[in-house]
Amino acid sequence: MHAVAQTRPLVHSGVCHGTLGELLQGPYERDGELHIGIVSLPVRRYSWMHFVPGEDGDIGTELAGKDKCRQAIALYLAHHGRCLPPGRWSHDSELPTGKGMASSTADIVATIRCLDRVFGLRSPPALLAALLRQIERSDSVFLDRHALYLSGRQEVVRTFPRALRLHACYIDEGGTVETERVAADLLAHYRDRLDDYRGNLERMLQAFAGHDVRAICDCATRSAALAQGAIAKRRFDTLLEHRRELGADGIVVAHTGSLIGYLYARRPGIARMSELSSFFRGLGHQCRFVETGP
C-alpha cells in the first residue's frame, strides 16, 4: 500500500505580541509640547494575520471590523508600490479589544509582518512606526525590547536592551476604554501633577539602567497610583492594601484600559497562585497569570 502524498496550501503569516498595560505612563516633553510617554509591559499573548495566495477571497468579508488592518494593507502597498495578489485573509487573536492589551496595534503589526512574508520583504521598526503614525496612537509592540515610547508621535525615545522578565496575576474590571477619546483629559491631568510624574519617570529610567527589578515594580505601582486621578481602577486601593501579604513586588495597570494586577520578580509558586486565585475570586473576579516580556 502506497502512502498518499499530502499537500498543504502555502500560508503567509504575521504574528505580534500584546501588552499587559504599561509599567509607566505619563507626560514627556518634546519640542516644547507635552506628549503621552509609555513604557509598555509586553506579554506572551499574540495576534495573528494569515494570507493564502491563489485562493478566492473577499477582503471586505474576511477582515470585516478590521478597518485599521485594511488601512495598513493599503498604506503598505502604496509605500512599496506593490499590488496584492489574489488570496484569502484570516485573523485570530488572544488579545481582547479595549482592555489595554494593545490589541489594535498588534493586529496592525501582524498584518504588516504578514505582508512582508507575502512579498519577501522586511519592515524595519522605523517603517512600522511611520505606518502606525498614519493609523492610530500606538504601543511599541513592534519592538523586541522594553522602551520609552511616545504613543502619539510613534517615536522611540529610549530602548532598554537588557531583558526583563516579570510575572503578573491580573484581572479585568470590566468595560472598555477608547484611547483616542481620553488623550486630552490625560494630558490635562499630567499638567496638574507634572513634578510627580517627572520624578517617577526619572526613577524608572534609573531602575532600568541598573536593572533593579524591584525598583521597576515600585515605579509601576507609583504610576498606577498617579493614574487614579485620571482613569481610576476600582480595585486599586484593595490591591495596594494586600500587596505585601500576597508577596507582590508591585502593581501594574492598563492606564487606558480595564486591567489591574500584581507584579512578581519571581514566578509565584502553586500555593501562592492558589492564594491569589482565592483573593481575586473573593473580589468577584477570575484572575489570569502571564509571563511578561516580548
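Axes are lines fitted to C-alpha atoms, for helices over the stretch in contact, and the angles between their N-to-C directions run from 0 to 180 degrees. The views below show a predicted model.

**View 1. Helices α6 and α7 pack side by side in the predicted model, with their axes 9 Å apart.** Helix α6 covers residues 194-209 and helix α7 covers residues 213-227. The angle between the two is about 160°. That makes α6 roughly antiparallel to α7, because angles over 145 degrees are placed in that class. The crossing in which α6 passes α7 is left-handed. On the α6 side, the contact is formed by D196, Y197, N200, R203, M204, A207 and F208. Their partners in α7 are A215, I216, C219, A220, R222, S223, L226 and A227. Sorted by class, the contact of α6 with α7 holds 10 nonpolar, two polar and three charged residues.

**View 2. Helices α2 and α3 pack at an angle of about 40°.** The axes of α2 and α3 are 9 Å apart. The two helices are therefore oblique to each other. The crossing of α2 past α3 is right-handed. From α2, the residues K68, C69, A72, I73, Y76 and L77 take part in the contact. Nine residues of the contact of α2 with α3 are nonpolar, two are polar and three are charged.

**View 3. Helices α3 and α4 cross at roughly 125°.** Helix α3 spans residues 103-119, helix α4 spans residues 125-133, and their axes come within 11 Å. The orientation of α3 and α4 is therefore oblique. Their crossing is right-handed. Here T105, I108, V109 and I112 of α3 meet L128, L131 and L132 of α4. The contact of α3 with α4 consists of six nonpolar residues, one polar residue and no charged residue. Which residues of α4 are buried? They are L127, L128, A129, L131 and L132. The buried residues of α4 pack against both α2, residues 67-80, and α3.

**View 4. The largest nonpolar core contains 76 residues.** Within this core, the residues with the most contacts are L20, L23, W89, F142, L166, F208 and L263. Helix α3 supplies the largest share of the core, nine residues. A separate core of 17 residues lies apart from this one, and its members include C169, A248, V253 and Y264. What does W89 touch, leaving out residues up to four places away in sequence? Its contacts are M49, H50, F51, I59, E62, L63, I73, L84, C114 and L115.

**View 5. Two residues other than glycine, A102 and Q154, have a positive phi.** For A102, phi is about 60°. This residue is found in the loop between β3, residues 87-93, and α3. A102 has a relative accessible area of 12% and is therefore buried, since the limit for that class is under 20%. For Q154, phi is near 50°. Q154 is placed in the loop between β4, residues 146-150, and β5, residues 155-160. With 2% relative accessibility, Q154 also counts as buried.

**View 6. L121 lies in the loop between α3 and α4.** Is L121 buried or partly exposed? Its relative accessible area is 28%, so L121 is partly exposed. Neighbours within four places in sequence aside, L121 is in contact with Y76, H80, R82 and D116. L121 and N200 are 79 residues apart along the chain, and their C-alpha atoms are separated by 40 Å.

**View 7. S13 is located in strand β1, which comprises residues 12-30.** S13 is partly exposed, with a relative accessible area of 26%. Although S13 and V118 are 105 residues apart in sequence, the distance between them in space is 8.4 Å, C-alpha to C-alpha. When residues up to four places away in sequence are not counted, S13 touches M49, H50, R113, C114 and R117.

Note on methods: Residues numbered from 1 in each chain as written. Predicted model: local features only at pLDDT ≥ 70, side-chain atom pairs only at ≥ 80, totals over all residues. Heavy atoms only, no water. Helix = DSSP H or I, 4+ residues; strand = E, 2+ residues; numbered from the N terminus. Parallel < 35°, antiparallel > 145°, perpendicular 65-115°, else oblique. Left-handed = near helix turned anticlockwise from the far one by under 90°. Contact = heavy atoms within 4.5 Å. Nonpolar A, V, L, I, M, F, W, Y, C, P; charged D, E, K, R; others polar. Core = buried A, V, L, I, M, F, W, Y, C linked by side-chain atoms within 4.5 Å. Buried < 20%, exposed > 50% of the residue type's maximum accessible area, 1.4 Å probe, protein only.
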